[in-house]
Each structure stands twice: as structure tokens, then as C-alpha cells.
Protein chains: 2
Amino acid sequence: MPSHQPTAGDAAVDPQYLSSQPSPMASTSEPNRSKSYEPRKVHITDLPMTSENWYKHINWLNVYFIVLFPLSGLVAAFWTPLRLETAIWAVLYYFATGLGITAGYHRLWAHKSYNATQPLEIFLAAVGGGAVEGSIRWWARDHRAHHRYTDTEKDPYSVRKGLLYSHMGWMIMKQNPKRIGRTDISDLNESAIVRWQHKNYLKVVITMGLIVPCVVAGLFWGDWVGGIVYAGILRILFVQQATFCVNSLAHWLGEQPFDDRNSPRDHVITALVTLGEGYHNFHHEFPSDYRNAIEWFQYDPTKWFIWTMKQLGLAYDLKQFRQNEIEKGRVQQLQKKLDQKRSKLDWGVPLESLPVMEWDDYVDQCNNGRGLIAVGGVVHDVTAFIKEHPGGKAMISSGIGKDATAMFNGGVYMHSNAAHNLLSTMRVGVIRGGMEVEIWKRAQMENKDVQYVKD
Amino acid sequence: MPSHQPTAGDAAVDPQYLSSQPSPMASTSEPNRSKSYEPRKVHITDLPMTSENWYKHINWLNVYFIVLFPLSGLVAAFWTPLRLETAIWAVLYYFATGLGITAGYHRLWAHKSYNATQPLEIFLAAVGGGAVEGSIRWWARDHRAHHRYTDTEKDPYSVRKGLLYSHMGWMIMKQNPKRIGRTDISDLNESAIVRWQHKNYLKVVITMGLIVPCVVAGLFWGDWVGGIVYAGILRILFVQQATFCVNSLAHWLGEQPFDDRNSPRDHVITALVTLGEGYHNFHHEFPSDYRNAIEWFQYDPTKWFIWTMKQLGLAYDLKQFRQNEIEKGRVQQLQKKLDQKRSKLDWGVPLESLPVMEWDDYVDQCNNGRGLIAVGGVVHDVTAFIKEHPGGKAMISSGIGKDATAMFNGGVYMHSNAAHNLLSTMRVGVIRGGMEVEIWKRAQMENKDVQYVKD
Ligand code: HEM
Ligand code: HEM
Ligand SMILES: [Fe+2]
Ligand SMILES: [Fe+2]
Ligand SMILES: [Fe+2]
Ligand SMILES: [Fe+2]
């Protein structure tokens, strides 16, 4: 749980860039700062890990909340029979607390991708707390740093440090708060709900993580122990592992349709695991879009939840990037991939590197037996290709020593794109002053005699 | 079956393009020309179809061979019990005769995509005849015309005339031989096997289409009638319909990864039906490649057959386009699609259409309350966007009236590609003489005083 709070002087905006009339929202002071942290002292992460001090590198509080305690549910389950009602309730509560993280912590508070009315905010702050993944304030601060400094040293859960690190390692190992990039959370600090949840976080965890699931199962069907073990502890294990996948799996598995310079990726498996947060390449590119999946057939229950809340009047101002901007991103990424592919192919000698030939020289060489064909002002050596020509030897031979531009481009046969490509690999020269017709025109104008080789 | 032979004067090569020493292969005379056809008479296809003459428009011989006779097998099957041995034999013979068409008629004779030794040629000419789809000579001539004049009036089975027309209609309706585009089949006319098969075509059909399947079933397991009904007639029905799909389905269903100017398409369903001839967009682009499917996991048993024949020493000189040429085609087609997509999107006002502003004018307008931000020499109106800015109001406001190029490009936050795209849609002007730094440099050089608005 929250263990690395921003350091002193860690203002959201570099002072040199602050506008003259600071917006009332851009407060640089941060309430709720952990009082115990003293920036001048040497931090444990500055010391190498040894067999002596290794246990000081571990964040034992987090180890308890995300490893020992959730795993203890597996042990308890041995002695606790699972009742059908409790199983159904555990799954439902899994979805509720999961949505607390995805629709609440993530899309509402970290990204402000929509606005929620107070009742919805309270609900999300409550069930989000029940997922036992830290307070909104702590979570959203790290998450904004993750977006702003993705894949860099300042990214709190950079996948560049390994898949396991991005999944849980970043919480299990102590972090130097100076390392995490700074972000503006003035809007969160102004929210009474966020502040309250942060201050009373442990109470929220116990109430929403354990008491509520236990009491519901106990009061309605008398399964107090099952409620705490399955809908409480084990459900925490699952919801934690599932939502942690947004930081690990979503930066590791899948496609990159919008930008491949960073690690975020789109994959349906991640989406299935994370209540729809699996279209993460899209999400990093359009973080303030309330959707993660933009196609109707893709799995994004968090989006469906937010949309339903809007229909019920509980959410409003759902933000959405214009389709035009989304398509632009896709087109640019496709272009980039295509350019990479193109640059690996052989497109023939560039025209400017070819030797220049006279028309008469071209004709002479052909009469001396070379298999040259001029098409579009460029001379091609087709000697080796004649017997392979799909249109037959006779066809291609009929172009040797001539201006074959017209024949090649439809006069005899409208050659395919593939044929044009192949032709360009056979380039050996360019003809000075264009093609045969140009030579004749010039001769006509200059009233000079041009030697025409009859065939 | 062959009913429209080339007309007189229908030379493979337009005489004006014939080379002075015609290759011995480019003979313009065509043996085996049907004597009954008289080009000067009015052809039936020149007359409109009426209730009087409709039956004259029908090619009854073909109707018999590809409709009535194969369908009669369905009727005969009512009285003929199907034995397992005969069923297996019918399927095997289906593959053999199918390969006669795909590996023989199509890839060997029509496209010369490999060379076959005499035993293999004889085998393919025999089983190909057993598929009852015309002689090699007739089939390959039409097929070459189909490739050379794809989708045009000269294409014998142009899909532009309808799916059914390209499937069977072109055989059922009489054709004016003048309509079919001319092609060079001198190489086929020189082949003794091709000439023999053409001359003795009816004998080949009866032997390979009916007698062989009947005799095998009769001699080995005593099922003479089943052999003729199932391995003979019904097998003909299936192999005909399957291979006809190359002309219909393959020009109608699927993707166009190499060229979308013509109708040929790639689809796995067509491949499954046609012994691998389903990668037809590729095939029309690279017709002399012995493969139709280029990926190992795609279904192309015809390719596998040819390859096996090569291992057995029965086939040689298997032609293959360089992977480089294939990839070039793919890249170009992708580029074309991408360009089409790009042109449909809004990329913001082009820079050259924007009004030019002075730097001081830009700063003045911002001081008067306009939400303008200059990035990279271009002024953007972000007024409506400030409250939506994913990086917060304070951040974006800090750039107003300043040269925000550096902040926007990493000084504060390295904006995503999406942010750059969005920015360009907000363009309202360009700054004369570049950005703030340029103004200062110039002022310095001119030793003039520039009004700097402090904020
Ligand atoms: C210069 C005179 C040429 C003539 C008159 C000519 C004629 C033809 C004809 C008629 C075809 C169609 C074959 C068919 O019916 O399927 C053809 C196909 C082809 N030709 Fe040529 N050709 C010429 C030169 C070339 C050259 C110089 C190249 C390449 C270096 C070339 C490459 C091809 C290729 C790759 C095909 C098969 C692909 C397709 O259908 O487009 N040809 N040619
Ligand atoms: C001019 C000064 C600007 C500053 C200092 C600034 C700063 C920032 C910062 C820090 C973020 C990251 C938010 C986060 O932590 O997740 C951000 C995101 C974003 N900004 Fe700006 N911004 C500026 C101008 C603009 C402008 C003019 C636009 C577009 C017209 C823009 C579009 C965006 C978008 C779309 C994002 C979210 C997408 C992404 O993560 O790249 N910003 N901005
Ligand atoms: Fe991420
Ligand atoms: Fe996010
Ligand atoms: Fe075709
Ligand atoms: Fe073909």
C-alpha cells in the first residue's frame, strides 16, 4: 500500500512554466503527505542489496497486503466448504471491486475521462477500496506518472524492468520516492471524497474488503465464514492479480496499432482478465477517452458500466476522442510499419545512379546481340529473362532494340504491377533526352538525319 | 467443350510487333482449327436472343457435357448402392483428375510454371481429360486470354458478366470466337502430347472419364456399376464444379493483397474447393509461379503435388518469383489502401493556407484573453480544449502566449503522436519569421528593442 509519497519541492508544474495567474486547480502543495519521510536522509534504495540488509529493501506492509494475506485465503479454503450462493456473491463482488479500480480509480480519478455524480463517486471509492490496491490518491498519482513517463526510469511500474517487476515487484520492493516522476494531482487533492478515502484508507479496506462480503453472506444465507474466505480474502487475491495485469500483461502481450515506440499493447486476453483494460496501446495514446475498446465487439465491461451509469444519470461528460484522430494514429502507425518493410526490399538501381546512353548506342548494342529493352526512357537488360517471360519469348523479343514503352503499358499487354516491379530490377541505363519519339522529334526540328535501324 | 476456336488472322502477336527474325516458337498458324467456322457469316451472338432463336444461343454440346450428363449421375445413384471401396476410389480419382486440371492444364500448360518429363505429361494429359473440361489446347488458350484480358470484354469468363456467367454461363451460351482475346499458344501447338490429346479428345474423355474408373472398381472389387456411377459420372460432376470455382469464386470472394484493380481474390474457402487455386489474387499477379499459396500453412495440394513430382525427378525448373518481388507488390497495395484512408481524414488546415501573424501580435492576442499557443512556428487556438487537456488545465495554460515548442515536445511532456495530430487540427496561423527565439536573434542582430511581455 502507499509507501512512497511525493518528496518536498515535488511540484506538479516546473515553476518556470507556471502561468502568471495560476489556475485555482494547480495547487503545488500536497496535503496528506506522509510525515515520516525525510528527503535529506540516505534512502535504502540508494544502498546495494546485501545478505545483511535485503529485508530492509522489502516493503513488508505491501508484502502482507498483496501476497501473504491474499494467499492465506487459499489455505483457509481447505477448511471452508464453498456454497453456491457464496460463489455467486464472490464473483459479483469481484466485478464490483474490479470496476472500483477500472471505472473508478483508473478512468475516473486518474484520467478524468468522465464525471461522476456524488453517489457514484462514493460507490466507486468504496468498492475500489475493497480491491485492496491502495488509496485513490496514491494509485492515481503513480498512474499519472506511469502515463507521463512510460517506460522510463520515472515510470513507477516500468515494464522495462521486467514483467514481474511491473506486475508486483514495484510494490514488493521499497521505492525511492524521488525516482517516481512528478505529476499534478491538485484536482484529486481538492476532492473531499478522495481526501477522506486516503485518510481513512485502512478502515475502508477492512469494511469493504472483508466486513461487507462477510456480512452479506452471513445475513442472507448464513455463510459468515465462507463470505470472509471466498468473497473476502480469495476475491481480493483474484481482483488484485487481475488488475495488476494492466501494468504487466498490457505492456507485454499483443499488437501496437497506434504507436510502437513505447511498450503498451492491445490484446483480447488482457482485456478479458482486466475488465476491458486490455486495449492498452489505444489507452496510452488516448488516455482521456472513457473507452479502452473502441469497437462494439471488443470486450470492455468497464466502458459498458460507465455508459450504463450515464443512462442512469449518474455519470456525465463522457470524453471521447474524435474517430478522425483515432484513424490518423492508426494510419501513421501503419505507414511507419510499411516504410520499414519497404526499406528492406530491393527496388532496383535508383535512376540517378544509372549510366546515360545514347539512343543509337542502345539500338547498336541490341543489334550486336544484347537483350536490351527500353521502356519509359530506361534501358533494361532482359537477356536472362527472355526464356522465363510469362507472355512468351516471342513477345518480349519483339521489344528488343525498340521503344517498348507503349507495348509494355497496354499497347500489346497491360503489364501488372508485379511486372513493373520486376522490370525495375533489370535497369542498366537511361537514355539521353528521353525515348525514341523524342529523338525523332528533335531530328525533325533540327532537320537532321537520324540513322533508323530497320527490323 | 471446345466450341469457339480462334478466328482466321487471329495471330498471337500483332504483326507490327513481330521481330525481324521471328522466334521458331511464334508460329501464327494454328493446327486443329475447326473447319466448320466461317468468319464472314453473321454469328449467332450478333443477333439478339428471342423466343424464336434462344435455343440457337445455347451451346447444346456443352450443356450435355457439363449439365445433363453429370447430373444424370444423381439419378443413377438412386438405384446404385455405394460401396466403401468405390467411395474411396471415387475420392482418390477426384483428386487425380482435379490435379490433371490444376497441376496439368493450368500450371503446366497454360502458365508453363514448371517443366514436366514425358511420363508426367502423359499422366496429366490423361487424368486432366478425365475431368471432362475440354482439351488442354482449348482450355489453355482461353485461360491465357483470361489472364491477358482479365475482366475485359475479351476475357472468356469475365466475372464482370456475373458470377454464374463466369462459373458455367460462358460455356453454356454460345460465344463469338472473335470476342475472345488472342493469345500465343505456339508452344502448345508444338507439343505432340497436347496435339494428340486435342485430336483424340472424345476418346480420352470416354476412356479416362468413364472406362478407367469403371474398370478399376469392377476388376478389383466387382463394382462395375458403382464405378461408372460414382467414380465416373458423379465424380465428373464434382470435379467440374470444383474447378469451375477458379473462374467464379476466385474472382468474387476474399482479399486483394497484391492488386485491387482487377477482380481476382484470395480466399481459403476457394483454395479448399479448388485443390489450392484459391490464392488467385497472387496467381494473377505472379501467374508463372508454380505456387498459388506462398505460405507453408496455406492449403495448396497442387503445389505439394508438383513439389513431390520434382523430388521424384518427374518435374523440373519449378518457377518461383523472388520473395522480394512478392513483398514489393504487397507493400504497394498496402500503401494504396493507406493513401485512400489517409485522404478521407481531416489533417487540419494546410500550413500554406494559414494567415501569417507577427510574434508580437500573437502575444498581444493572448494578453487580451485568447487561448493561443504557438508550437513549432504555428499558432493554435486551444481555448475550447483547455478544460479537456489530459495533462491538466494548469499545464496547457502555462503555454499560452509563449513559444511552447520545447514544453510540448518533451521539455515538460513528450506528447504522443495523438496529441500532435490533435494539435494540428487547432491551427489558426503561422508566425512570420519562425518562433520566439528567431525574433530575439533577429532583434539582437539588428540591435533593435523587442517588446517582451513579462508574465
Ligand atoms: C517488351 C515487350 C513485351 C511484351 C510484348 C510483353 C507481353 C506480355 C504478355 C502478352 C503477357 C501476358 C501473358 C499472358 O497472356 O498471361 C506478359 C506477361 C508478363 N510479362 Fe511481358 N511483355 C514484354 C516485356 C516484358 C518485360 C520487359 C517484362 C519484365 C521484365 C515482362 C514481364 C512480364 C510478366 C511478369 C508477366 C506476367 C505477369 C502478368 O500477367 O502481368 N514483360 N507479357
Ligand atoms: C502547451 C503546453 C502543454 C503542456 C505543458 C502539456 C502537458 C501535458 C502533460 C504533462 C500531459 C501528460 C498528462 C499525464 O500525466 O497523463 C499531457 C497530455 C496530453 N496533452 Fe498536453 N500539454 C500542453 C499542451 C497541449 C496541447 C496544446 C495539446 C493539444 C492540442 C495537448 C494535448 C495533450 C494530450 C492529447 C494529452 C494526452 C495524451 C498523451 O498522453 O500524450 N497538450 N500534456
Ligand atoms: Fe500502462
Ligand atoms: Fe491509464
Ligand atoms: Fe482468374
Ligand atoms: Fe491462371
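Helices are DSSP runs of H or I with at least four residues, strands are runs of E with at least two, and both are numbered from the N terminus. What we have here is a predicted model, in which local features need pLDDT of at least 70, side-chain atom pairs count only at pLDDT 80 or more, and totals for chains, interfaces and linings use all residues. Residues are numbered from 1 along each chain as its sequence is written, chains are lettered from A and ligands numbered from 1 in the order written, and side-chain values use heavy atoms, without hydrogens and water.

I start with ligand 2. Its shell has 23 residues, where near means a heavy atom within 4 Å. Because these residues come from chains A and B, the site is shared between chains. Helix α5(A) gives the largest share of the shell, three residues.

Now the polar contacts, meaning pairs of N or O atoms within 3.5 Å; within protein, one must be able to donate a hydrogen and the other to accept it, and residues adjacent in sequence count only if both atoms are side-chain atoms. A polar side-chain atom of B:His389 lies 2.7 Å from a nitrogen atom of ligand 2. For B:Tyr413, a side-chain N or O atom is 2.6 Å from an oxygen atom of the ligand.

Next, the iron ion (ligand 3). Which residues coordinate the iron ion? They are A:His146, A:His251, A:His280 and A:His284, each through NE2, at 2.1 to 2.2 Å. Donors are N, O and S atoms within 2.8 Å of the metal (3.2 Å for Na, K and Ca), and water is not among the atoms, so sites may look incomplete. A:His146 counts as buried because its relative accessibility is 0%; buried is under 20%, exposed over 50%, partly exposed in between, with a 1.4 Å probe and protein chains only.
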